[in-house]
Amino acid sequence: MSELPNTLEDAIAQSRTAVQAALADGCTRIQVEFLFPELKFMPVAEQFLPLFTEYDSRLKVFFADAGAAGLARRNWTDAPFQILDIGTGRTASLQTKIQPEDEIFLFIAPTSVEVPQVEKLCQEIGDRPVVFLNPRLEDSGTVGIGYAARQTRLRFTNTIESCYYLRPIDEQSALSRCYPGQWEVWLETDGEYQRIAELPTKPSGDDLDQILLKGQPQTTTDAAPARKPNVFKSLQRFLKALSS
């Protein structure tokens, strides 16, 4: 990623390019994350879907629950693909959701609650490509603290390639990844975001703290530095427009 996006539209365009590159490289389980608290997944999904135009009816889209799937079917009346919910029923009912003619699968905003069902669906999918859009598969507060639940979630999430990731850490820093590039840490300096670190793997919270601490400009005065314009403000305005 040569620069951070200024709008959510730019970010989604970047993510589509990253997914295309990952698919071309043979990745079969791909994850795209836009980590903004107020973000609504349905408008994001609508802008993300053109990525799959060539697949037509060979795309299958899954939502976490029947309510979200029903809303999508109502809003996307001209969609050539089938829209389903992940479901929490018996294994047999999950198996019927995957057909031989399906070529690619999009899971929109699945949560950690659905991990067992998603994993079973992926077993039925096999080597066909799966894209997870804004999943929340690692929310331990939802799953609980059971060892077996943690291991199930970890085993499954470790099979997924983080293809696109964008998260503002605070008002002056951000973490991003755009396949096939590395993980990048950004810090606002003199009114512009500068890349201060590139890493082959996603940094932990402690690692991020150390990187950002080293990246802070040194000052010899006690006066607080003037606040600079934040590149994410335009992104926040775009998010609010989508949410209205």
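Visitor: Where is E114 found?

Guide: A word first: this is a predicted model, where local features need pLDDT of at least 70, side-chain atom pairs count only at pLDDT 80 or more, and totals for chains, interfaces and linings use all residues. Residues are numbered from 1 along each chain as its sequence is written, and side-chain values use heavy atoms, leaving out hydrogens and water. Helices (H or I, at least four residues) and strands (E, at least two) are DSSP runs, numbered from the N terminus. E114 is found in the loop between β4 (104-108) and α5 (115-125).

Visitor: Which side chain of opposite charge is nearest to E114?

Guide: Lys and Arg count as positive and Asp and Glu as negative, while His and the chain ends are not counted. E114 is buried (under 20% relative accessible area; exposed is over 50%, partly exposed in between, with a 1.4 Å probe and protein chains only).

Visitor: How many salt bridges does the structure hold?

Guide: One of them joins the side chains of K60 and D102 (3.0 Å, N to O). K60 lies in strand β2 (residues 59-63) and D102 in the loop between α4 (91-95) and β4, so the pair ties together parts that are 42 residues apart in sequence. Both K60 and D102 are buried. For the structure, the number of salt bridges is six.

Visitor: What arc do the buried residues of helix α7 cover?

Guide: The buried residues of α7 (residues 147-157) are R153, F156 and T157. They lie on the same side of α7, because around the axis (taking directions from the helix axis to the C-beta atoms) they cover an arc of only 95°.

Visitor: Which residues are joined with E184 into one network?

Guide: The side chains of R195 and E184 meet in a salt bridge (3.6 Å, N to O). R195 is in strand β9 (residues 192-199) and E184 in strand β8 (residues 183-189). Salt bridges that share partners join E184 into one network with R195 and E198.

Notes: Salt bridge = Lys/Arg side-chain N within 4 Å of Asp/Glu carboxyl O.
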